[in-house]
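Dear colleague,

I am passing on a structure that I would like you to look over. My notes on what was found in it follow below.

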Amino acid sequence: MTYRTVVLKVNGRECPVSVKDGDTLLHVLREKLALTGTKRGCEIGDCGACTVLVDGGPMNACLLLAAAVEGREITTIEGLAKGGELHPLQRAFVEEGAVQCGYCSPGMILAAKALLDRNPDPGVEEIKDALGGNLCRCTGYHGIIRAVRNWKGARSTHGDLDRHECVGRSLPRVDAIDKVTGRAKYTADLAFPGMLHARLLGSAIAHGRIRRIDTSKAEALQGVAAVITGKDVPDVTYGVSPARYDEHVLAKEKVRYVGDPIAAVAAVDEETAERALKLIEAEYEELPAVFDPEEAIRDGAPLLHDKYKNNVNTLVEQHFGDVEKGFAEADYVREESFVGNHTNQAPMEPHASIATWEGDGTLVLHSSTQAPHYVHYMLAHVFKIPLGRIRVVRPTVGGGFGGKAATTPLDLCSSILARKTGRPVRAVFTRREVFEYNRGRHRQHMRMKLGVKKDGRITAFQSRILLDGGAYSSFGVATAYYAGGMMPTLYHLPNYKYDGIRVYTNKPACGAFRGHGVPQPRFAFECLLNMVAEEIGIDPIEIRLRNAMDRNTRTVNDLDIRSCEFKATLEAVREKAGWAAKYGKLARGRGIGVGCGGFVSGAGYAIYRGDVRLSHEKQPQPFVKESVFPHGNAMVRVLEDGMAAVCMIGAAEIGQGAATILTQICAEGLGIPPDRVRTRAEDSDLCPIDLGAYSSRVTLMGGNAVLMAARDVVKKLLPIAATELKCKAGQLEVGGGRIFVKSEPARAMDWAEAARRYFNANGPLVGTGWYKPPKGLGGDFKGAAVGTSPAYSFGSSVCELSVDLDTGKVSVERFTDFHDCGTPVNPMSVHGQVEGAIVMGAGETLLEEMVFDAKGRVVNPSFHDYLLMTIRDAPEIFSGLVDSYEPEGPFGAKEIGEGSTLPVLGAVAHAVANATGVWITELPITPEKILFAMKNGKPRSAGKWQEGRPSKPFRPKPCRGKKAPDPKGGTRGQSPKVLA
Amino acid sequence: MPIPDLQLHRPRSLEEARDLLARFRESARVLAGGTDLLVDLRQDRVTGVEHLVALREIPGLRAIEELPDGWRFGALVTPEMVARHPRVRETFPALAEAAACMAGWQVRNLGTIGGNIASAVPSSDLAPFFIAAGGEAILTERRVPLKDFFLGPRRTACARDEILTHLFVPAPAPRTGISYQRFALRGANALAVASVAAMLRLDGAIEDARVVLGAVAPIPLIAAKTSAFLIGKPTSVFAEAAKIAREEARPISDVRGSKEYRLEIVEVLAARALAQAAERCG
């Protein structure tokens with residue numbers, strides 16, 4: 001191996017650096033010059049995250065050899081801000097909401113900077129041309145286009161509320177400046193002295209018994225510190241749902257999918273570790289594999305897990321009301337089959353972990369995770385050590401979408417290798433491994449039947465779903481329940497039957513992905529409802545209004561809906577999109593469609609039962625209809641000079657904006673400006689447990705915990721101010737950094753002064769808060785816990801698109817979306833979630849699909865072949881909100897992150913059908929499917945008119961617990977688009 | 001996946017480069033932009049490579065020159081340079097369009113047109129144009145018409161010790177038009193599912209025609225029957241010609257599209273390319 005010293009000119013400085021000829025510029029910038037703002041997203045030039053400027057032109061640092069760019073001017077993101085001042089473009093990215101997870105931001109900003117150097121006033125088309133090589137998974141590209149257009153200083157508005165000081169305002173993200181300057185440290189950006197690098201070896205076959213794994217050659221390779229296989233890992237299974245822990249850290253006896261980890265290597269660098277993997281010899285007794293869930297449940301099919309007969313991982317049978325009676329009462333009954341596609345979350349940052357064991361035996365794990373507590377819990381479970389002996393640190397996370405909600409083999413293998421070697425061990429997935437590990441959306445085979453009266457009122461709905469689970473459970477038990485449980489939240493379903501089967505197949509496990517189990521059945525239901533509406537001659541929006549959920553209702557499956565402005569979203573979207581003037585009136589090739597959806601604001605119950613003790617120490621704990629421990633917990637500590645507060649909560653910021661929302665809620669509760677609050681949610685040693693960023697729970701649950709903690713602090717300050725202001729504590733209010741008499745706001749005391757006095761007299765000023773979902777959520781049937789939540793979101797989308805009738809190619813042109821997310825804490829962040837969800841959802845509907853070959857290998861494990869929408873594909877979007885107040889939420893807020901995805905798929909499918917006259921019921925809706933459906937003109941099955949029996953109008957039960965108020969009924973949205 | 005251990009050579013002349021290639025033979029590869037080669041190395045798609053001979057320091061390979069009889073493009077000219085060159089856009093709009101639709105801006109800055117031709121990937125966006133335009137590959141010591149250059153996927157007439165230094169395109173004859181149409185699954189940064197380049201010379205009827213199909217055969221495919229059919233015909237036969245092009249295509253099914261779909265697309269693109277080429281005949 002030969003090294004040579006080259007002098008790289010980086011950000012105006014000459015940097016002599018020793019490189020190997022094969023080292024890429026990306027590697028050298030990150031590992032040798034510690035310029036980690038240049039991100040590693042795919043390493044083959046498909047994502048643009050590693051964009052740097054070379055002599056002023058954007059290039060992929062992963063496709064340049066460092067030794068070949070000697071003498072050329074290289075600019076990285078670290079070189080853009082001069083003298084501590086952000087470049088105006090960076091500032092625009094911060095203030096226009098162009099930054100979410102931030103992983104694409106450095107590359108995106110540099111490409112945009114190069115464009116602005118060429119043309120300081122580019123139009124939208126030119127921006128799209130320039131940024132087509134930079135993928136973003138979070139923003140839907142909208143904030144990015146706004147930022148590039150407005151870089152000189154103009155700013156968009158987002159429909160802010162004027163009800164509070166911080167809450168309801170579009171504050172820029174608290175972490176955005178670090179993200180646009182490259183200072184934000186993601187897990188793989190961190191390095192520790194003596195750190196080793198680990199790589200995992202996955203099974204080369206889809207199903208087999210391990211006969212022999214010979215690691216001797218790998219161990220003998222110079223630079224290799226340790227090699228482990230199944231025999232070196234604890235004899236403990238792990239997973240997500242306690243009822244289905246079915247994975248070993250490394251396969252012990254069997255491998256069940258191509259990529260199933262069988263060994264791990266720690267070495268001095270990744271290259272050596274990679275080389276060592278190739279020296280590991282694995283011999284298998286190959287077993288017949290099964291890839292199709294229909295085949296997998298047949299008798300005699302190859303069995304993946306002995307315990308699960310016919311490969312049935314989860315079986316759900318739920319029946320509410322009486323569907324037979326409901327269908328008999330219907331005037332029109334329609335059945336249809338649908339297929340949902342197998343998609344991957346594809347966060348821009350691949351999963352990564354770094355493990356270290358400290359001298360006192362404490363395991364410190366840095367992990368790119370969206371649920372640090374579950375990682376913490378799972379490490380304790382696998383290694384049989386108390387939670388208190390483990391510290392989980394979550395550095396900046398570059399997107400999750402459900403893909404980082406479970407403990408990964410990286411977390412566990414790096415921990416084992418670190419213990420074995422006594423050195424820190426870093427393990428990072430390649431992009432290929434992100435796909436091979438998967439945990440993405442289940443492929444769902446759905447058969448649905450809907451009965452309606454002549455006037456469109458639903459009398460019964462039946463759904464049978466086969467979920468292709470892959471080789472392990474992961475989140476899949478919950479997925480199978482969610483796929484049915486959420487259906488009755490949107491429309492009144494008087495009679496409902498759901499049968500779900502989740503099946504093991506020899507493919508990578510599927511898990512939770514934005515909307516967890518629901519987007520596909522929601523897509524199918526929305527399509528079916530649109531088919532029915534059109535067949536019986538009712539406008540698709542009208543049929544929705546006639547069936548739409550009302551506030552303070554209990555659904556047929558015992559879910560309590562409090563705030564619900566679903567009808568308002570439908571009316572607003574109809575108006576704003578100009579539905580009446582377009583629907584049914586467009587030329588062939590142009591289409592308009594509607595879809596709706598919503599989601600939970602946090603799961604009503606934790607994933608594991610009982611308290612937080614180690615699972616193996618627990619007595620079997622029966623399910624009780626009450627949360628055993630608080631799901632969100634916060635501590636607010638005021639700094640001793642009273643000038644700032646630190647808000648500590650384990651809720652993960654993963655790019656969705658949690659840290660900003662929690663900062664705003666905390667500042668509002670404390671009555672001080674948000675720039676005096678720092679949310680520290682990274683470290684389990686500092687932060688009390690929060691269950692994490694899944695099931696769209698952070699705003700409501702974390703927010704409530706933070707608000708309570710902030711109010712706890714205020715409670716301690718009021719007596720001091722009361723003494724000072726000579727009044728009763730009850731007469732006081734906080735705000736703007738002051739404590740003042742409500743009736744006489746000029747009579748005030750400085751907040752910080754009160755805090756100092758508290759500290760001088762009593763020591764640390766700390767407030768604590770927690771949130772437990774209301775008692776008694778859900779019904780009394782099996783699986784009733786899934787789908788429960790303190791609150792539900794609602795939304796309606798209208799999609800407009802055109803289809804090239806010769807090729808079937810779809811161009812999504814415009815989306816109009818209205819949501820009921822309660823009262824928004826940060827409207828810009830809300831719209832950012834909606835914009836991102838629309839582009840992700842439209843991409844899932846039209847482009848994305850993991851494809852497997854006959855041997856179970858992923859055919860397209862790269863951004864080259866697994867296509868995310870680029871900035872060129874993103875439609876124009878109008879995102880609006882309807883007035884709503886959720887009594888369970890902090891300041892009336894509920895979720896937006898996942899609910900925003902749900903209307904998208906159905907709206908796109910409907911618009912395609914509207915444009916072409918053909919319904920494509922199998923996702924993704926590719927040009928090929930559209931073209932052949934148009935050519936073959938296959939007549940679709942129609943519904944059946946029947947003599948419907950008379951029936952009483954359905955009267956839903958009222959919800960239990962708090963009731964939501966009737967809001968005023970206003971709407972607010974984004975400023976006129978810069979995108980037109 | 002790291003790039004294997006290898007040695008980078010940065011010769012300053014073609015002679016030096018050829019010496020290196022002759023010395024290291026099978027273990028050496030020419031490095032132009034690297035956007036294909038480095039990915040192949042990283043993904044273990046090529047093996048046994050120990051030496052990279054980088055062309056970048058060799059003078060004279062980065063120019064676009066308008067000569068009396070045609071245009072000479074240095075092998076290291078980037079797609080971005082082609083796409084933005086005002087005279088190229090005027091003279092060969094199809095070439096500028098083909099270059100502009102490639103990958104993303106970063107790769108268009110980094111990749112080279114010589115590399116795009118020499119790597120001989122079936123979905124190349126530039127090869128169909130250069131063939132349709134009657135282009136030639138200028139190698140170190142000989143010229144090869146591009147229609148004869150491609151031998152198979154990633155296999156060309158350029159021998160191990162030869163270097164593709166330039167691409168030559170003859171000046172377009174009067175009343176000649178060229179169009180390049182491609183179909184990809186998304187709006188940017190996507191490989192062509194199928195593409196068609198069509199050259200027409202009109203004088204009332206079609207005097208000359210060359211139709212080349214991309215991504216539907218192991219190499220950019222000259223649709224000989226289609227081209228022959230067109231000569232002497234009026235411009236009303238494009239639909240019929242497109243059907244012949246479809247018959248000539250030999251696509252495979254892959255993750256981007258089935259064989260059957262590619263056939264459909266080839267027909268559509270051929271008709272569109274012919275219509276646009278006719279329009280461009282002026």
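Leaving aside its neighbours within four places in sequence, which residues is B:Ala198 in contact with? They are B:Ala132, B:Ile178, B:Ser179, B:Val211, B:Ala270, B:Ala273, B:Leu274 and B:Ala277, where contact means that the C-beta atoms of two residues, placed from the backbone, lie within 7 Å.

Please keep in mind that this is a predicted model, in which local features need pLDDT of at least 70 and side-chain atom pairs count only at pLDDT 80 or more, while totals for chains, interfaces and linings use all residues. Residues are numbered from 1 along each chain as its sequence is written, and chains are lettered from A and ligands numbered from 1 in the order in which they are written.

B:Ala198 is also, together with A:Cys413, A:Val912 and B:Ala270, among the residues that touch the most other members of the largest nonpolar core, which has 436 residues. Such a core is a set of buried Ala, Val, Leu, Ile, Met, Phe, Trp, Tyr and Cys residues joined through C-beta atoms within 7 Å; a residue is buried if 20 or more other C-beta atoms lie within 10 Å of its own, exposed if 12 or fewer, and partly exposed in between.

In chain B, six of the eight residues of helix H5 (residues 93-100) are buried, so this helix is largely enclosed by the rest of the structure. The cover over its buried residues includes helices H3 (79-84), H4 (86-91) and H8 (126-132) and strands S11 (176-183) and S12 (194-203) of chain B; helices (H or I, at least four residues) and strands (E, at least two) are DSSP runs, numbered from the N terminus.

From strand S2 (residues 28-31) of chain B, B:Ala28 and B:Val30 point one way and B:Arg29 and B:Leu31 the other, and all are buried. S2(B) pairs in the parallel sense with strand S3 (residues 51-54) of chain B over four bridges, pairing being called when DSSP finds at least two bridges between two strands, and in S3(B) the bridge partner of B:Arg29 is B:Leu52.

As for the two chains, 37 residues of chain B are in contact with 44 residues of chain A. Elements giving two or more residues to this side of chain B are strand S1 (7-9), helix H2 (37-42), helix H6 (105-110) and helix H11 (259-280) of chain B, and H6(B) gives the most, with five residues.

Best wishes
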